[in-house]
Amino acid sequence: MRILIGAITALTMTASITAIAHEGAHGVVKERMDGMKAIGQQVKVMVPMMKGTLPYDPAAVEKSAGIIESHAGENFTKLFPEGSDGEPSEALPEIWEDWSKFTDLASQLETRAAELKTVAANQGSEDAFKGALVNVLKTCKSCHNDFREKK
């Protein structure tokens, strides 16, 4: 669990760095950065619930998970045309070198966000919420570890 909390902290800390990275971005790179920012904002809504610093709110989780789901899968991968890895993008060339793994992770994020949304929509337990959110965060972390430039 400590490793997961560390990963959560790292994901949420990147939000301020991301704001700086958006400077000078345009076109598809800006679109995908905006999508990542939207995902990050939803994580910031749910992590305090997971940590217990805010009460679990299934309606808020359902909404946040739906936003993440809408930015995942094919909606995500279409924002990575070959050759769109120049500055200010943090996309690594490995995305296009292992496109199959990249698209699998994007699809996995969509599936896991849908699962999280279902848990919340069905008024699932707090433990079920935490488990589903952990799965979303693990997918984010896997993609960032393999396909995002470390800053």
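Guide: One term before we start: buried here means under 20% relative accessible area. Also, this is a predicted model.
Visitor: Okay, so is F80 buried or exposed?
Guide: F80 has a relative accessible area of 6%, so with the cut-off at 20% it counts as buried.
Visitor: And which ring does F80 pair with?
Guide: F80 forms an aromatic pair with F76, 5.0 Å centre to centre. The planes sit at 55° to each other, and the pair is classed as tilted. F76 is buried too, at 8% relative accessibility.
Visitor: How many aromatic pairs are there in the whole structure?
Guide: Six. Another of the tilted ones is W99 with F102, at 5.5 Å centre to centre and 40° between the planes.
Visitor: Which residues do the ring pairs link into a cluster?
Guide: F76, F80, W99, F102 and F147.
Visitor: How much of the chain is buried?
Guide: 43% of its 151 residues. The accessible surface is about 8,000 Å², with 54% of that belonging to carbon and sulfur atoms.
Visitor: And what share of the contacts joins residues 24 or more positions apart?
Guide: 76%, taking contacts with a separation of 6 or more.

Conventions: Residues are numbered from 1 along each chain as its sequence is written. This is a predicted model: local features need pLDDT of at least 70, side-chain atom pairs count only at pLDDT 80 or more; totals for chains, interfaces and linings use all residues. Side-chain values use heavy atoms; hydrogens and water are left out. Buried means under 20% relative accessible area, exposed over 50%, partly exposed in between (1.4 Å probe, protein chains only). Contact means heavy atoms within 4.5 Å. Accessible areas come from the Shrake-Rupley method with a 1.4 Å probe; for residues, only the protein chains shown count as cover. Rings of Phe, Tyr and Trp (its six-membered ring) pair if their centres lie within 6.5 Å; planes under 30 degrees apart count as stacked, over 60 as edge-to-face and the rest as tilted.
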